[in-house]
Amino acid sequence: MTTAGTVLDVARSQIGTVEQPNGSTPYGRAYGMDRVAWCAMFVWWVGQQAGAGALIPKAAYTPTLAAWFQQRGQASRACWPGWRRRTS
């Protein structure tokens, strides 16, 4: 079973990964849609690498991911300890 720690370890392993000058990323290449905004593809990629692919839909658009989780009651707009609203 995949744990939250495993997911976080995979995500942390990518610290320092940079978008190439042409816009290419390992996440876009894995997704099959490279050189575009990749934030949602990163979430999908991490899930795949961590063995949690069935828990995260393949989506390239962040609002699609948010809606998917909200429809399943797995997302919240509530704050949690350590959360801060950006002021800029």
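1. The salt bridge. In this predicted model, Arg12 forms a salt bridge with Asp9, and their closest N and O atoms are 3.2 Å apart. The structure holds one salt bridge. Side chains of opposite charge can pair when their charged atoms come close. Where do the two partners stand in relation to each other in helix H1? Arg12 and Asp9 are three residues apart in helix H1 (residues 4-12), and so about one helical turn separates them. Arg12 is partly exposed, with a relative accessible area of 49%. Asp9 also has a relative accessibility of 49% and counts as partly exposed.

2. Gln14 lies in the loop between H1 and H2. Is Gln14 buried or exposed? Its relative accessibility is 16%, and Gln14 therefore counts as buried, the cut-off for that class being under 20%. When neighbours within four places in sequence are left aside, Gln14 is in contact with Tyr27, Phe42 and Trp45. The side chain of Gln14 also makes a polar contact of 3.2 Å with the side chain of Ser13. Val46 is 32 residues away from Gln14 along the chain, yet the C-alpha atoms of these two residues are separated by 9.2 Å.

3. Thr25 in the loop between H1 and H2. Thr25 is found in the loop between H1 and H2. With a relative accessibility of 1%, Thr25 counts as buried. Which residues does Thr25 touch, leaving aside its neighbours within four places in sequence? Thr25 is in contact with Glu19, Asp34 and Trp38.

4. The backbone at Arg35. Most residues other than glycine have a negative phi. Arg35, a residue other than glycine, has a positive phi, near 70°. Arg35 lies in the loop between H2 and helix H3 (39-49). With a relative accessible area of 53%, Arg35 is exposed, since the exposed class begins over 50%.

5. Confidence in the model. How confident is the prediction, on average, across the protein? The protein averages a pLDDT of 90, and 89% of the residues score at least 70. Confidence is highest in helix H2 (residues 26-31), at a mean of 97. Confidence is lowest in helix H4 (residues 62-71), where the mean is 90.

Definitions and conventions
Residues numbered from 1 in each chain as written. Predicted model: local features only at pLDDT ≥ 70, side-chain atom pairs only at ≥ 80, totals over all residues. Heavy atoms only, no water. pLDDT = per-residue confidence, 0-100. Helix = DSSP H or I, 4+ residues; strand = E, 2+ residues; numbered from the N terminus. Salt bridge = Lys/Arg side-chain N within 4 Å of Asp/Glu carboxyl O. Buried < 20%, exposed > 50% of the residue type's maximum accessible area, 1.4 Å probe, protein only. Contact = heavy atoms within 4.5 Å. Polar contact = N/O pair within 3.5 Å; in protein donor to acceptor, adjacent residues only side chain to side chain.
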